[in-house]
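Open the model in your viewer and keep the selection tool at hand. The stops below say what to select and what is there.

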Amino acid sequence: MTTTLDALVRCIAVLLVFLVFPLVIGQTEHKVMAHMQGRLGPMYAGGFHGWAQLVADGVKFAQKEDVVPAGADRKIFQLAPAVALLPYLLALVAIPLGPGDLLGQSLDAGLFFVLAVMGVGVLGSLMAGWASANKFSLLGGIRTAAQLLAYELPMLLAAASVAMAAGTVSLTGILGAFHWWWVPWQIVGGFVFFVSGLAELQRPPFDMPVADSEIIFGAYTEYTGLRFALFLLSEYAGILVVSALTAVLFLGGWHGPMADSLGWLWMLLKTFALAFLVIWIRVTYPRLREDQLMRFAWTVLIPLSLAQLALTGIVKVVIS
Amino acid sequence: MNLAAAPLDSTHGFLSPSGAEIVFVLVGLGVLGAALLTVTTKQLVHAALWLVVALGGLAIEYLLLTAEFIAWVQVLIYVGAVVVLVLFGLMLTRAPIGASPDADSGNRWLALGVALAAAATLVTLVVDAFRCTWIDLGTVAGSTKANGVSLFRYWVLPFEALSVLLLAALVGAIILSRREKKEP
């Protein structure tokens, strides 16, 4: 009975995090972008500095008509937003928030689990791009697939470097083995992982697949109402997962002063600092062209991650 | 092998299956159905998506056998990379919405025969090899550690041979895709 109750509480907690944190990141993006561009951003909804703007947006999306284009493949078109969103919910289950068992479910191969379900999430964009029966959407889908194929490899190699350093692929195990000097040791891998994560989420400057000024939001051109909102939500949930995962793998997750009682706070601070960085990069850098994007992955990130892997192996042999 | 296998005893009967075994069979039937749909559907992209279902179902089967690491690698490599590559190829060449009448091959009966023969061979082999041995699911036999130990202690030669094979394929792909220098 207690185990059932325990599992239920954990599921509800993960669901709450999944429902609340992406909205917080979205609202932060509104305000941070606005201030960086010398604007105020939303100010009216909810009263205090427009805190309820995203809730209002959600209500607006729910009221809109849900249109499926006549030429589209109905079932796949309607299924795609769920395929894009749900993997991030699953990924959150395995990410530790604090020391001990302050996480949804400790998995023996947690690192692989998170990366695997994130890979499934991208199928949603591909399905949307194909099923819309729209040339812009198809172009977006093709670009998504090409980008994913290019950036999945450096991401995995960078993650493998941390797994090598810790001697385990369990996320709790990696955090258990963490020492502060891992941060400088794995810094290159951290850079590669974070940048590949951005590319996998199709965030600027890697947003060629959804470039709104060229191919009209790519795979999401034909989506309206709630389904479009689900795609937007999956983007913010993706920022949360990538930031949290980078914090766990490369910044030591809950490690910090008084980690036993304040571990969760350190984890949240690191995650949101990285999420802020994601927004900052979006405001700062212009979009990479498709060929620049591919060249960056194959000629910069993959050699860097291989070098990191070699460095990790050498240090690991020397210190053991 | 480090499979915790025990000879069949009176506690394991075919007529009193445990919950995990029932789920295993049901998921297996689901995988079979998805695989059949993959090869029979008239729509190319639907075939690729049914393949996702079949491969994901296989990952669940691995999970039920406590091979967690293999399950996630299955999802990561097959669903996350191979199917994405297939979809990329389809979208890059042609992927019409609706049926593709020319997707049918005249070899379908021959293909069916080959598939049935291969399945019969494999089923016979596996059944004959394991007979009545029973995997004890209580002790986790497929953890990441157990996989690593058996891979790099007992199967290191096939592992290295496979990596050389992949390297050869990689080099071959680069050579094939390299553009020839045009003579002036």
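This is a predicted model: local features need pLDDT of at least 70, side-chain atom pairs count only at pLDDT 80 or more; totals for chains, interfaces and linings use all residues.

Is the crossing of helix 8 of chain A and helix 12 of chain A left-handed or right-handed? It is left-handed.

**Helices 8 and 12 of chain A**

Select residues 187–201 of chain A for helix 8 and residues 290–319 of chain A for helix 12. Their axes come within 9 Å and cross at roughly 145 degrees. To see the contact, show A:Val188, A:Gly189, A:Val192, A:Val195 and A:Ser196 on helix 8 of chain A, and A:Leu301, A:Leu304, A:Ser305, A:Ala307 and A:Gln308 on helix 12 of chain A. Six of these contact residues are nonpolar, four are polar and none is charged.

Now select A:Gln202, in the loop between helix 8 and helix 9 (212–215) of chain A. Phi of A:Gln202 is near 60 degrees, a positive value in a residue other than glycine. Most residues other than glycine have a negative phi. A:Gln202 has 23 other C-beta atoms within 10 Å, so it is buried.

**Helices 3 and 4 of chain A**

Select residues 74–93 of chain A, which form helix 3, and then residues 110–131 of chain A, which form helix 4. The two helices pack with their axes 8 Å apart, at an angle of about 165 degrees. Helix 3 of chain A and helix 4 of chain A are therefore roughly antiparallel to each other. Their crossing is left-handed. The contact residues on helix 3 of chain A include A:Ile76, A:Phe77, A:Ala84 and A:Tyr88, while those on helix 4 of chain A include A:Val114, A:Met118, A:Gly121 and A:Ser125. By class, this contact has 19 nonpolar, three polar and no charged residues.

**A:Ser125**

Stay on helix 4 of chain A and select A:Ser125. Is A:Ser125 buried or exposed? With 29 other C-beta atoms within 10 Å, A:Ser125 is buried. Leaving out residues up to four places away in sequence, A:Ser125 touches A:Ala84, A:Gly141, A:Thr144 and A:Ala219. For a distance check, pick A:Ile12 as well: A:Ser125 and A:Ile12 are 113 residues apart in sequence and 27 Å apart in space, C-alpha to C-alpha.

**The nonpolar core**

Next, show A:Ile95, A:Phe112, A:Val114, A:Ala159, A:Val241 and B:Trp72, the residues with the most contacts inside the largest nonpolar core. That core has 126 residues. Centre the view on A:Val241, which is in contact with A:Tyr88, A:Ala91, A:Leu92 and A:Met118, neighbours within four places in sequence left aside.

**Where chain A touches chain B**

Colour the two chains separately. Here 26 residues of chain A are in contact with 22 residues of chain B. On the side of chain A, the elements giving two or more residues are helix 4 (110–131) and helix 5 (135–166). Which element of chain A gives the largest share? Helix 4 of chain A does, with 10 residues. By class, the side of chain A that touches chain B has 20 nonpolar, three polar and three charged residues.

**A loop in chain B**

For the last stop, select B:Thr66, in the loop between helix 2 (44–64) and helix 3 (68–93) of chain B. Phi of B:Thr66 is near 65 degrees, a positive value in a residue other than glycine. B:Thr66 is buried, with 21 other C-beta atoms within 10 Å.

Conventions: Residues are numbered from 1 along each chain as its sequence is written. Chains are lettered from A and ligands numbered from 1 in the order in which they are written. Axes are lines fitted to C-alpha atoms, for helices over the stretch in contact, and angles run from 0 to 180 degrees between N-to-C directions. Helices (H or I, at least four residues) and strands (E, at least two) are DSSP runs, numbered from the N terminus. A crossing is left-handed if the near helix is turned anticlockwise from the far one by less than a right angle, and right-handed if clockwise. Two residues are in contact if their C-beta atoms, placed from the backbone, lie within 7 Å. Ala, Val, Leu, Ile, Met, Phe, Trp, Tyr, Cys and Pro count as nonpolar, Asp, Glu, Lys and Arg as charged, and the others, Gly among them, as polar. A nonpolar core is a set of buried Ala, Val, Leu, Ile, Met, Phe, Trp, Tyr and Cys residues joined through C-beta atoms within 7 Å. A residue is buried if 20 or more other C-beta atoms lie within 10 Å of its own, exposed if 12 or fewer, and partly exposed in between; C-beta atoms are placed from the backbone. Angles under 35 degrees count as roughly parallel, over 145 as roughly antiparallel, 65 to 115 as roughly perpendicular and the rest as oblique.
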